[in-house]
Amino acid sequence: MKITSLTRELSLVRHPAFDMLIFFVTGRCNSRCRHCFYWRNLDAIHEGLSLQAIETIASTMPKFSTLLLSGGEPTLRADLPEIVEFFRRNNQIQSVSVPTNGLRSDSIVAIAKQISELDADLLVTFNVSIDGFAEVHDYIRGVPGGYDLAMKTLHALRQVASEYDNFRVLVNTVICADNYEQIIDFAEHIKSSRLVDGHFFEIVRGDPPEGSIKAVPPARLKAIYQKLVPLQETYLVSMGRRRRRGLLRIWRRISDVGNLINRYRHQWRVYSEGATWDFPCLAGRGIGVIDYNGQLRICELRDQFVDLSDYQYDFARAWDSEVIRKERVIARTHLCDCTHTCFIGLSARQNFKARFLKAPWLYLLYKIGKGW
Ligand code: SF4
Ligand code: SF4
(Lines give C-alpha, C1' and ligand atoms only; values in the text may rest on other atoms or scores of the structure.)
(Ligands and ions follow the chains in the order given, each with its own letter.)
Protein backbone atom coordinates (compact mmCIF):
# COMPACT_ATOMS: atom_id res chain seq x y z
CA MET A 1 0.00 0.00 0.00
CA LYS A 2 1.38 3.42 -0.91
CA ILE A 3 1.43 6.11 1.80
CA THR A 4 -0.90 8.20 -0.38
CA SER A 5 -3.54 5.49 -0.40
CA LEU A 6 -3.17 4.99 3.37
CA THR A 7 -3.71 8.74 3.84
CA ARG A 8 -6.79 8.53 1.64
CA GLU A 9 -8.16 5.60 3.69
CA LEU A 10 -7.65 7.47 6.97
CA SER A 11 -9.33 10.52 5.57
CA LEU A 12 -12.30 8.44 4.37
CA VAL A 13 -12.81 7.14 7.91
CA ARG A 14 -12.97 10.75 9.17
CA HIS A 15 -15.06 12.05 6.27
CA PRO A 16 -16.90 9.24 4.43
CA ALA A 17 -16.94 10.05 0.73
CA PHE A 18 -17.97 8.58 -2.58
CA ASP A 19 -15.68 5.62 -3.18
CA MET A 20 -17.43 2.96 -5.30
CA LEU A 21 -19.70 2.91 -8.33
CA ILE A 22 -21.65 -0.24 -9.20
CA PHE A 23 -22.53 0.09 -12.87
CA PHE A 24 -24.85 -2.38 -14.60
CA VAL A 25 -23.51 -1.92 -18.12
CA THR A 26 -26.09 -4.20 -19.74
CA GLY A 27 -29.36 -5.90 -18.90
CA ARG A 28 -28.58 -8.80 -21.25
CA CYS A 29 -27.40 -12.15 -19.96
CA ASN A 30 -26.73 -15.59 -21.44
CA SER A 31 -27.45 -17.38 -18.13
CA ARG A 32 -30.71 -17.82 -16.27
CA CYS A 33 -29.66 -18.33 -12.66
CA ARG A 34 -32.16 -19.52 -10.08
CA HIS A 35 -30.73 -17.07 -7.52
CA CYS A 36 -30.51 -13.99 -9.78
CA PHE A 37 -31.79 -10.84 -8.03
CA TYR A 38 -31.74 -8.99 -11.38
CA TRP A 39 -33.82 -11.49 -13.33
CA ARG A 40 -36.74 -9.15 -14.05
CA ASN A 41 -34.42 -6.95 -16.13
CA LEU A 42 -32.79 -9.66 -18.22
CA ASP A 43 -35.31 -9.76 -21.06
CA ALA A 44 -35.31 -6.01 -21.53
CA ILE A 45 -34.70 -4.81 -25.08
CA HIS A 46 -32.62 -1.85 -23.87
CA GLU A 47 -29.04 -2.20 -25.17
CA GLY A 48 -27.47 -0.31 -22.29
CA LEU A 49 -26.34 3.30 -22.14
CA SER A 50 -24.47 4.77 -25.11
CA LEU A 51 -20.76 5.50 -24.80
CA GLN A 52 -21.57 9.18 -25.09
CA ALA A 53 -23.96 9.04 -22.11
CA ILE A 54 -21.41 7.06 -20.07
CA GLU A 55 -18.66 9.56 -20.81
CA THR A 56 -20.90 12.40 -19.65
CA ILE A 57 -21.68 10.50 -16.44
CA ALA A 58 -17.97 9.90 -15.74
CA SER A 59 -17.08 13.52 -16.43
CA THR A 60 -19.68 14.76 -13.93
CA MET A 61 -18.65 12.38 -11.12
CA PRO A 62 -16.07 12.97 -8.39
CA LYS A 63 -12.84 11.00 -8.12
CA PHE A 64 -13.44 7.58 -6.59
CA SER A 65 -11.41 4.41 -6.18
CA THR A 66 -13.46 1.35 -7.19
CA LEU A 67 -15.52 0.68 -10.30
CA LEU A 68 -17.59 -2.48 -10.10
CA LEU A 69 -19.10 -3.40 -13.46
CA SER A 70 -22.17 -5.58 -13.39
CA GLY A 71 -25.18 -6.72 -15.40
CA GLY A 72 -26.52 -8.90 -16.97
CA GLU A 73 -23.27 -10.36 -18.22
CA PRO A 74 -20.94 -7.34 -18.52
CA THR A 75 -18.65 -8.97 -21.08
CA LEU A 76 -21.50 -9.10 -23.60
CA ARG A 77 -20.50 -5.46 -24.19
CA ALA A 78 -17.41 -5.51 -26.40
CA ASP A 79 -16.84 -1.82 -25.58
CA LEU A 80 -16.14 -2.56 -21.91
CA PRO A 81 -12.51 -1.34 -22.16
CA GLU A 82 -13.69 2.03 -23.49
CA ILE A 83 -16.14 2.32 -20.60
CA VAL A 84 -13.37 1.60 -18.08
CA GLU A 85 -11.14 4.13 -19.81
CA PHE A 86 -13.74 6.89 -19.29
CA PHE A 87 -13.69 6.30 -15.53
CA ARG A 88 -9.91 5.89 -15.41
CA ARG A 89 -9.37 9.20 -17.18
CA ASN A 90 -12.09 11.24 -15.49
CA ASN A 91 -12.23 9.75 -12.01
CA GLN A 92 -8.75 8.28 -11.48
CA ILE A 93 -10.18 4.94 -10.37
CA GLN A 94 -7.63 2.62 -8.76
CA SER A 95 -9.39 -0.68 -9.36
CA VAL A 96 -12.02 -2.21 -11.60
CA SER A 97 -13.86 -5.41 -10.93
CA VAL A 98 -15.75 -7.43 -13.54
CA PRO A 99 -17.98 -10.36 -12.59
CA THR A 100 -18.56 -12.88 -15.36
CA ASN A 101 -20.44 -16.13 -15.79
CA GLY A 102 -17.44 -17.37 -17.81
CA LEU A 103 -19.49 -18.77 -20.70
CA ARG A 104 -17.65 -17.04 -23.59
CA SER A 105 -14.02 -17.67 -22.84
CA ASP A 106 -12.41 -16.07 -25.90
CA SER A 107 -14.19 -12.74 -25.70
CA ILE A 108 -13.80 -12.60 -21.89
CA VAL A 109 -10.04 -13.09 -22.21
CA ALA A 110 -9.78 -10.49 -24.98
CA ILE A 111 -11.63 -7.92 -22.87
CA ALA A 112 -9.56 -8.78 -19.77
CA LYS A 113 -6.34 -8.14 -21.69
CA GLN A 114 -7.56 -4.89 -23.21
CA ILE A 115 -8.58 -3.51 -19.80
CA SER A 116 -5.30 -4.63 -18.21
CA GLU A 117 -3.37 -2.78 -20.89
CA LEU A 118 -5.08 0.55 -20.17
CA ASP A 119 -2.87 1.36 -17.18
CA ALA A 120 -0.34 -0.75 -15.28
CA ASP A 121 -1.39 0.99 -12.02
CA LEU A 122 -5.05 0.05 -12.45
CA LEU A 123 -5.85 -3.14 -10.52
CA VAL A 124 -8.09 -5.29 -12.74
CA THR A 125 -10.06 -8.15 -11.19
CA PHE A 126 -12.21 -10.64 -13.06
CA ASN A 127 -14.56 -12.68 -10.86
CA VAL A 128 -15.79 -15.90 -12.44
CA SER A 129 -19.08 -16.99 -10.90
CA ILE A 130 -19.07 -20.68 -10.03
CA ASP A 131 -21.60 -21.98 -7.55
CA GLY A 132 -20.41 -25.53 -6.87
CA PHE A 133 -19.37 -28.72 -8.61
CA ALA A 134 -20.58 -29.34 -12.19
CA GLU A 135 -24.04 -30.78 -11.63
CA VAL A 136 -25.05 -28.27 -8.96
CA HIS A 137 -23.53 -25.30 -10.81
CA ASP A 138 -25.31 -26.14 -14.07
CA TYR A 139 -28.62 -26.65 -12.26
CA ILE A 140 -28.39 -23.32 -10.43
CA ARG A 141 -27.18 -21.36 -13.46
CA GLY A 142 -29.54 -22.91 -16.01
CA VAL A 143 -26.88 -23.61 -18.66
CA PRO A 144 -25.96 -27.26 -19.38
CA GLY A 145 -22.17 -27.54 -19.68
CA GLY A 146 -21.78 -24.13 -18.02
CA TYR A 147 -19.39 -25.47 -15.38
CA ASP A 148 -16.92 -26.77 -17.96
CA LEU A 149 -17.05 -23.45 -19.83
CA ALA A 150 -16.49 -21.46 -16.63
CA MET A 151 -13.52 -23.68 -15.68
CA LYS A 152 -12.07 -23.23 -19.16
CA THR A 153 -12.34 -19.46 -18.69
CA LEU A 154 -10.72 -19.72 -15.27
CA HIS A 155 -7.69 -21.49 -16.78
CA ALA A 156 -7.46 -18.88 -19.54
CA LEU A 157 -7.69 -15.99 -17.07
CA ARG A 158 -4.94 -17.58 -14.96
CA GLN A 159 -2.77 -17.25 -18.04
CA VAL A 160 -3.76 -13.57 -18.35
CA ALA A 161 -2.71 -13.10 -14.70
CA SER A 162 0.71 -14.50 -15.53
CA GLU A 163 1.08 -11.95 -18.34
CA TYR A 164 -0.18 -8.82 -16.53
CA ASP A 165 1.00 -7.82 -13.04
CA ASN A 166 -2.10 -5.68 -12.48
CA PHE A 167 -4.55 -8.50 -13.24
CA ARG A 168 -6.02 -11.00 -10.82
CA VAL A 169 -8.68 -13.65 -11.10
CA LEU A 170 -11.18 -14.67 -8.42
CA VAL A 171 -14.10 -17.04 -8.07
CA ASN A 172 -17.39 -15.77 -6.67
CA THR A 173 -19.88 -18.22 -5.20
CA VAL A 174 -23.44 -17.46 -4.14
CA ILE A 175 -24.44 -19.56 -1.13
CA CYS A 176 -28.02 -20.81 -1.51
CA ALA A 177 -30.32 -23.72 -0.65
CA ASP A 178 -29.09 -25.70 -3.67
CA ASN A 179 -25.38 -25.66 -2.79
CA TYR A 180 -24.80 -25.01 0.92
CA GLU A 181 -24.11 -28.72 1.56
CA GLN A 182 -21.05 -28.64 -0.71
CA ILE A 183 -19.68 -25.13 -0.15
CA ILE A 184 -16.70 -26.13 1.99
CA ASP A 185 -15.68 -29.06 -0.25
CA PHE A 186 -15.99 -26.80 -3.27
CA ALA A 187 -13.96 -24.02 -1.63
CA GLU A 188 -11.20 -26.53 -0.85
CA HIS A 189 -11.33 -27.86 -4.40
CA ILE A 190 -10.89 -24.38 -5.89
CA LYS A 191 -8.09 -23.63 -3.48
CA SER A 192 -6.19 -26.80 -4.31
CA SER A 193 -6.54 -26.04 -8.06
CA ARG A 194 -4.21 -23.01 -7.53
CA LEU A 195 -6.04 -21.23 -10.33
CA VAL A 196 -7.28 -18.20 -8.42
CA ASP A 197 -6.04 -15.29 -6.33
CA GLY A 198 -9.15 -15.32 -4.16
CA HIS A 199 -12.53 -16.94 -3.63
CA PHE A 200 -15.44 -14.92 -2.28
CA PHE A 201 -18.87 -15.92 -1.07
CA GLU A 202 -22.19 -14.12 -0.87
CA ILE A 203 -25.43 -15.35 0.67
CA VAL A 204 -28.25 -15.23 -1.90
CA ARG A 205 -29.89 -11.80 -1.74
CA GLY A 206 -32.82 -9.78 -3.02
CA ASP A 207 -35.86 -11.26 -4.65
CA PRO A 208 -34.79 -14.24 -6.83
CA PRO A 209 -37.19 -16.05 -9.23
CA GLU A 210 -37.21 -19.12 -6.94
CA GLY A 211 -37.97 -17.96 -3.39
CA SER A 212 -37.14 -21.40 -1.96
CA ILE A 213 -33.52 -20.95 -2.96
CA LYS A 214 -33.09 -18.62 0.02
CA ALA A 215 -33.77 -21.41 2.55
CA VAL A 216 -30.30 -21.97 4.00
CA PRO A 217 -30.50 -23.13 7.64
CA PRO A 218 -29.00 -20.30 9.79
CA ALA A 219 -26.94 -22.67 11.96
CA ARG A 220 -25.39 -24.22 8.85
CA LEU A 221 -24.68 -20.81 7.41
CA LYS A 222 -22.79 -19.77 10.53
CA ALA A 223 -20.73 -22.98 10.45
CA ILE A 224 -19.93 -22.40 6.76
CA TYR A 225 -18.79 -18.83 7.40
CA GLN A 226 -16.56 -19.93 10.26
CA LYS A 227 -14.93 -22.63 8.15
CA LEU A 228 -14.45 -20.25 5.23
CA VAL A 229 -12.40 -17.68 7.17
CA PRO A 230 -9.14 -19.70 7.40
CA LEU A 231 -9.53 -20.74 3.76
CA GLN A 232 -9.90 -17.15 2.67
CA GLU A 233 -7.24 -15.81 5.02
CA THR A 234 -4.44 -17.26 2.89
CA TYR A 235 -5.85 -15.58 -0.22
CA LEU A 236 -6.14 -12.23 1.58
CA VAL A 237 -2.60 -12.47 2.93
CA SER A 238 -1.12 -13.29 -0.43
CA MET A 239 -3.07 -10.52 -2.19
CA GLY A 240 -1.86 -8.05 0.49
CA ARG A 241 1.73 -9.23 0.04
CA ARG A 242 1.72 -8.28 -3.64
CA ARG A 243 1.11 -4.60 -2.98
CA ARG A 244 2.35 -3.80 0.55
CA ARG A 245 5.47 -3.83 2.70
CA GLY A 246 6.53 -3.95 6.38
CA LEU A 247 4.14 -2.81 9.11
CA LEU A 248 1.50 -1.85 6.58
CA ARG A 249 1.42 -5.44 5.44
CA ILE A 250 0.82 -6.67 9.01
CA TRP A 251 -1.87 -4.06 9.58
CA ARG A 252 -3.50 -4.99 6.28
CA ARG A 253 -3.66 -8.63 7.30
CA ILE A 254 -5.35 -7.81 10.61
CA SER A 255 -7.66 -5.37 8.91
CA ASP A 256 -8.61 -7.57 5.94
CA VAL A 257 -9.25 -10.72 7.96
CA GLY A 258 -11.00 -8.81 10.76
CA ASN A 259 -13.23 -7.07 8.22
CA LEU A 260 -14.04 -10.37 6.54
CA ILE A 261 -15.14 -11.85 9.88
CA ASN A 262 -17.13 -8.71 10.66
CA ARG A 263 -18.85 -8.93 7.28
CA TYR A 264 -19.80 -12.56 7.80
CA ARG A 265 -20.95 -11.75 11.32
CA HIS A 266 -23.20 -9.00 10.00
CA GLN A 267 -24.56 -11.09 7.14
CA TRP A 268 -25.39 -13.95 9.48
CA ARG A 269 -27.04 -11.70 12.09
CA VAL A 270 -29.17 -9.97 9.47
CA TYR A 271 -30.03 -13.27 7.76
CA SER A 272 -30.87 -15.24 10.89
CA GLU A 273 -32.13 -12.59 13.33
CA GLY A 274 -33.08 -9.60 11.21
CA ALA A 275 -30.51 -7.60 13.21
CA THR A 276 -29.28 -4.15 12.23
CA TRP A 277 -25.70 -3.24 11.37
CA ASP A 278 -23.27 -1.82 13.96
CA PHE A 279 -22.60 1.14 11.64
CA PRO A 280 -24.66 3.15 9.15
CA CYS A 281 -24.95 2.00 5.54
CA LEU A 282 -23.09 4.34 3.20
CA ALA A 283 -25.40 3.72 0.24
CA GLY A 284 -26.00 7.11 -1.36
CA ARG A 285 -22.84 8.54 0.17
CA GLY A 286 -19.95 6.08 -0.31
CA ILE A 287 -21.58 3.97 -3.05
CA GLY A 288 -23.99 4.56 -5.90
CA VAL A 289 -25.61 2.26 -8.45
CA ILE A 290 -26.41 2.98 -12.10
CA ASP A 291 -28.64 0.54 -13.98
CA TYR A 292 -28.21 -0.41 -17.63
CA ASN A 293 -31.08 1.93 -18.57
CA GLY A 294 -29.65 4.97 -16.77
CA GLN A 295 -31.59 4.76 -13.52
CA LEU A 296 -29.55 6.00 -10.58
CA ARG A 297 -30.15 4.42 -7.16
CA ILE A 298 -28.35 4.35 -3.85
CA CYS A 299 -28.18 0.53 -3.91
CA GLU A 300 -29.32 -2.46 -5.94
CA LEU A 301 -31.92 -3.56 -3.41
CA ARG A 302 -33.93 -0.35 -3.19
CA ASP A 303 -36.40 0.54 -5.88
CA GLN A 304 -36.46 4.34 -5.64
CA PHE A 305 -34.43 5.94 -8.44
CA VAL A 306 -33.92 8.99 -10.60
CA ASP A 307 -33.51 8.73 -14.34
CA LEU A 308 -30.17 10.15 -15.40
CA SER A 309 -31.60 11.10 -18.80
CA ASP A 310 -33.80 13.64 -16.98
CA TYR A 311 -30.56 15.30 -15.87
CA GLN A 312 -28.81 15.07 -19.27
CA TYR A 313 -26.59 12.36 -17.64
CA ASP A 314 -25.14 14.89 -15.21
CA PHE A 315 -24.37 12.61 -12.27
CA ALA A 316 -23.64 15.41 -9.80
CA ARG A 317 -27.07 17.02 -10.29
CA ALA A 318 -28.94 13.70 -10.12
CA TRP A 319 -26.98 12.65 -7.02
CA ASP A 320 -28.15 15.83 -5.31
CA SER A 321 -31.83 15.26 -6.17
CA GLU A 322 -34.61 15.08 -3.60
CA VAL A 323 -35.18 11.35 -4.21
CA ILE A 324 -31.55 10.43 -3.59
CA ARG A 325 -31.35 12.66 -0.54
CA LYS A 326 -34.35 10.93 1.01
CA GLU A 327 -32.93 7.50 0.19
CA ARG A 328 -29.64 8.45 1.84
CA VAL A 329 -31.46 9.10 5.12
CA ILE A 330 -33.23 5.72 4.94
CA ALA A 331 -29.90 3.94 4.45
CA ARG A 332 -28.23 5.87 7.25
CA THR A 333 -30.98 5.19 9.77
CA HIS A 334 -30.97 1.38 9.49
CA LEU A 335 -34.44 1.12 7.94
CA CYS A 336 -33.41 -1.54 5.40
CA ASP A 337 -30.23 -3.25 6.71
CA CYS A 338 -29.43 -6.18 4.39
CA THR A 339 -26.76 -8.80 3.67
CA HIS A 340 -25.11 -7.11 0.67
CA THR A 341 -21.39 -7.76 0.96
CA CYS A 342 -20.14 -4.70 -0.98
CA PHE A 343 -22.19 -2.27 1.07
CA ILE A 344 -21.35 -3.88 4.43
CA GLY A 345 -17.68 -4.04 3.43
CA LEU A 346 -17.36 -0.44 2.27
CA SER A 347 -19.48 0.97 5.11
CA ALA A 348 -17.32 -0.89 7.67
CA ARG A 349 -14.11 0.27 6.00
CA GLN A 350 -15.18 3.90 6.30
CA ASN A 351 -16.33 3.59 9.93
CA PHE A 352 -13.72 4.27 12.63
CA LYS A 353 -15.11 1.86 15.24
CA ALA A 354 -15.63 -1.01 12.79
CA ARG A 355 -12.29 -0.48 11.06
CA PHE A 356 -9.91 0.23 13.92
CA LEU A 357 -11.57 -1.41 16.95
CA LYS A 358 -14.00 -4.15 15.90
CA ALA A 359 -11.95 -5.67 13.07
CA PRO A 360 -8.74 -6.07 15.13
CA TRP A 361 -10.79 -7.39 18.06
CA LEU A 362 -12.50 -10.03 15.88
CA TYR A 363 -9.13 -10.95 14.38
CA LEU A 364 -7.72 -11.48 17.89
CA LEU A 365 -10.71 -13.64 18.93
CA TYR A 366 -10.31 -15.69 15.76
CA LYS A 367 -6.58 -16.20 16.38
CA ILE A 368 -7.14 -17.45 19.94
CA GLY A 369 -9.83 -19.82 18.71
CA LYS A 370 -12.91 -17.95 19.94
CA GLY A 371 -15.78 -17.49 17.51
CA TRP A 372 -18.31 -14.70 17.21
S1 SF4 B 1 -25.12 -14.51 -14.63
FE2 SF4 B 1 -25.66 -12.89 -13.18
S3 SF4 B 1 -27.09 -11.52 -14.28
FE4 SF4 B 1 -26.96 -13.47 -15.45
S5 SF4 B 1 -28.70 -14.66 -14.70
FE6 SF4 B 1 -26.89 -15.24 -13.47
S7 SF4 B 1 -26.93 -13.93 -11.66
FE8 SF4 B 1 -28.33 -13.03 -13.20
S1 SF4 C 1 -28.70 -1.45 4.02
FE2 SF4 C 1 -28.82 -2.71 2.16
S3 SF4 C 1 -30.85 -2.29 1.28
FE4 SF4 C 1 -30.42 -0.66 2.77
S5 SF4 C 1 -29.51 0.99 1.58
FE6 SF4 C 1 -27.81 -0.24 2.40
S7 SF4 C 1 -27.34 -1.74 0.78
FE8 SF4 C 1 -29.37 -0.87 0.35
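How many of the nine residues of helix H12 (residues 341-349) are buried? Seven are, so H12 is largely enclosed by the rest of the structure. A residue is buried if 20 or more other C-beta atoms lie within 10 Å of its own, exposed if 12 or fewer, and partly exposed in between, with C-beta atoms placed from the backbone. This is a predicted model: local features need pLDDT of at least 70, side-chain atom pairs count only at pLDDT 80 or more, and totals for chains, interfaces and linings use all residues. Residues are numbered from 1 along each chain as its sequence is written, while chains are lettered from A and ligands numbered from 1 in the order in which they are written.

**Overall fold**

- The protein has 13 helices and nine strands. Helices (H or I, at least four residues) and strands (E, at least two) are DSSP runs, numbered from the N terminus.
- The radius of gyration is 19 Å, close to the 21 Å that the globule rule gives for 372 residues, so the protein is as compact as a globular protein of that length. The radius is taken over C-alpha atoms, and the rule is 2.2 Å times the number of residues to the power 0.38.
- The C-alpha trace spans about 55 × 50 × 40 Å along its principal axes.
- Of the 372 residues, 43% are buried.
- Among contacts between residues at least 6 apart in sequence, 80% join residues at least 24 apart. Two residues are in contact if their C-beta atoms, placed from the backbone, lie within 7 Å.

**The sheet**

- Nine strands form an open sheet with mixed pairing, in the order S6-S5-S4-S3-S2-S1-S7-S8-S9. Two strands pair if DSSP finds at least two bridges between them.
- S6 and strand S9 (306-307) are the edge strands, and each pairs on one side only.
- S1 and S2 run parallel, joined by five bridges. Met 20 has Thr 66 in S2 as its bridge partner.
- S2 and strand S3 (residues 95-100) also run parallel, with three bridges. Here Leu 68 is partnered by Ser 97 in S3.
- Four of the five residues of S2 are buried, so S2 is largely enclosed by the rest of the structure.
- Six bridges link strand S5 (residues 167-175) to S6, and the two run parallel. Asn 172 stands opposite Phe 200 in S6.

**Core and buried helices**

- The largest nonpolar core holds 92 residues, of which Leu 67, Val 96, Ile 175 and Ile 287 touch the most other members. Such a core is a set of buried Ala, Val, Leu, Ile, Met, Phe, Trp, Tyr and Cys residues joined through C-beta atoms within 7 Å.
- Leaving out residues up to four places away in sequence, Val 96 touches Leu 67, Leu 69, Val 84, Ile 115, Leu 122 and Val 124.
- In H12, the buried residues are Cys 342, Phe 343, Ile 344, Leu 346, Ser 347, Ala 348 and Arg 349. Their cover includes strand S1 (20-24), strand S2 (66-70), helix H9 (246-273), strand S7 (287-290) and helix H13 (352-367).
- In helix H2 (residues 51-59), Ile 54, Thr 56, Ile 57 and Ala 58 are buried. They pack against helix H3 (80-91), S7 and helix H10 (315-319).

**Ligand shells**

- Around ligand 1 stand Cys 29, Ser 31, Arg 32, Cys 33, Cys 36, Tyr 38, Gly 71, Gly 72, Glu 73 and Asn 101. A residue is near a molecule or strand if its C-beta atom, placed from the backbone, lies within 6 Å of it.
- That shell has four nonpolar, four polar and two charged residues. Ala, Val, Leu, Ile, Met, Phe, Trp, Tyr, Cys and Pro count as nonpolar, Asp, Glu, Lys and Arg as charged, and the others, Gly among them, as polar.
- The residues around ligand 2 include Cys 281, Cys 299, Cys 336, Cys 338, His 340 and Phe 343. By class, the ligand 2 shell has nine nonpolar, one polar and two charged residues.

**Single residues to check**

- Asn 127 sits in strand S4 (residues 123-129). Asn 127 is buried, with 22 other C-beta atoms within 10 Å.
- Arg 194 has a positive phi, near 60°, and is not a glycine. Arg 194 lies in the loop between helix H7 (183-193) and strand S6 (198-203), and counts as exposed with 7 C-beta neighbours inside 10 Å.
- His 334 also has a positive phi, near 65°. His 334 is in the loop between helix H11 (322-332) and H12, and is partly exposed, with 14 other C-beta atoms within 10 Å.
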